[in-house]
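Colleague: Before I use this model, I would like to go through the labels attached to it and hear what each one rests on.

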Amino acid sequence: MNTEFMIEHDIDLSFPACSSLHPHKWTLLYAAENNETLDGPTAQIYLLPPGKIALYLHLLPLTEVCCQFTAHSQWTLLLHKLQTGLPEQPLWLEDCSLCQQIAYILERMREYAASSHNTYYRKLSYHLLSELLLLLAAGARPDTYPADPRIDEVLQYLYLHYTNDIRIEHLAQHVCLSPSHLSHLYKEQTGETIMDTVLRLRLEQAKHLLCFTTRYIGEIAYEVGFNSQTYFTCKFTRHFGISPSLYRSSFYEKQSCQSS
């Protein structure tokens, strides 16, 4: 339930300042704007998956808030639906009341981040971010979501069963598509392959377990769906740029520094 946060307001957008952004975390960029045709503020939001922040650096001068976080596995389906595909296609929020709610949540998250060494404040931050994502899902335009309900059904299945042996043939049969048609449609609407999604879900959950449990790395590998610790370590290192053991030790060092 714990979540790491790095939240900044009024960012200094010279390039050296941007170097503090973490490439392997989810990034939320928020920009409010006044709309003369509506009675109150509207907002643009960019929700970027890990590895994409470099493509959006040119947008940083336009944003008021930059929030980076490590995704909990419970958010996977929402993040998948809400992530930004292209710089010119942000999430548009035209409900003034919703914009005010989200701005208030971001402000509270910024306050709690100052006490992130405290377990209770981390839990509060987790619940605030969960609320923010649900509000975005409630207020996002319908075209934000996959157009084909069968892809949404597959995403929900993967979210619930990603630790199992996933076979595209079985998924295709479940949604009454051929394996090739399902694979093509899924990639078209989500931007990644089915097995890319499965791998990402497993690695995100593994990262969470590394930080917030004392289980052996081999146990974690098997729990999230890998048949080999060596293969898990290879995939984790390639995805996050750091080995599981180093990631765990660096996280503990950071927590120790914050609490001292």
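Colleague: What joins the side chains of Gln44 and Tyr46?

Modeller: A polar contact of 3.5 Å joins them. The term covers a pair of N or O atoms within 3.5 Å; within protein, one must be able to donate a hydrogen and the other to accept it, and residues adjacent in sequence count only if both atoms are side-chain atoms. This is a predicted model, in which local features need pLDDT of at least 70, side-chain atom pairs count only at pLDDT 80 or more, and totals for chains, interfaces and linings use all residues. Residues are numbered from 1 along each chain as its sequence is written, and side-chain values use heavy atoms, with hydrogens and water left out.

Colleague: Why does Gln44 count as buried?

Modeller: Its relative accessibility is 16%, and buried means under 20% relative accessible area, exposed over 50%, partly exposed in between (1.4 Å probe, protein chains only). Gln44 therefore counts as buried. The residue is found in strand β3, residues 40-48; strands (E, at least two residues) and helices (H or I, at least four) are DSSP runs, numbered from the N terminus. Leaving aside neighbours within four places in sequence, Gln44 is in contact (heavy atoms within 4.5 Å) with Leu29, Tyr30, Ala31, Glu33, Pro90, Leu91 and Trp92.

Colleague: How do you know that the span of helix α7 agrees with the 1.5 Å a residue?

Modeller: The expected span is 1.5 Å times one less than the number of residues. For the twelve residues of α7, 179-190, that should give 16 Å, and the end C-alpha atoms are 16 Å apart, so the two agree. After α7 comes Gly191, with a positive phi near 85°.

Colleague: Which residues of α7 are buried, and what makes them line one face of the helix?

Modeller: Leu182, Leu185, Tyr186 and Thr190 are buried. Seen down the axis of α7, they fall within an arc of 105°, so they line one face; the arc is that of the directions from the helix axis to the C-beta atoms. In general, an α-helix has 3.6 residues a turn, so residues three or four places apart point the same way. Ser180, His184 and Glu188, on the other side of α7, are exposed.

Colleague: Why is the pair of Phe236 and Phe240 called tilted?

Modeller: Rings of Phe, Tyr and Trp (its six-membered ring) pair if their centres lie within 6.5 Å; planes under 30 degrees apart count as stacked, over 60 as edge-to-face and the rest as tilted. A search of the whole structure finds eight aromatic pairs. The ring centres of Phe236 and Phe240 are 4.7 Å apart and their planes are at 55°, so the pair is tilted. Both residues are buried. They are four residues apart in helix α10, residues 229-240, and therefore separated by about one helical turn. Ring pairs also link them with Phe226, Tyr231, Phe232 and Tyr247 into a cluster.

Colleague: What kind of aromatic pair do Tyr112 and Tyr121 form?

Modeller: Theirs is tilted, at 5.4 Å centre to centre and 55° between the planes. Tyr112, at 16% relative accessibility, counts as buried, whereas Tyr121, at 32%, counts as partly exposed.

Colleague: What makes Met109 buried?

Modeller: Met109 has a relative accessible area of 1%, so the buried label applies. Helix α3, residues 96-113, holds Met109.
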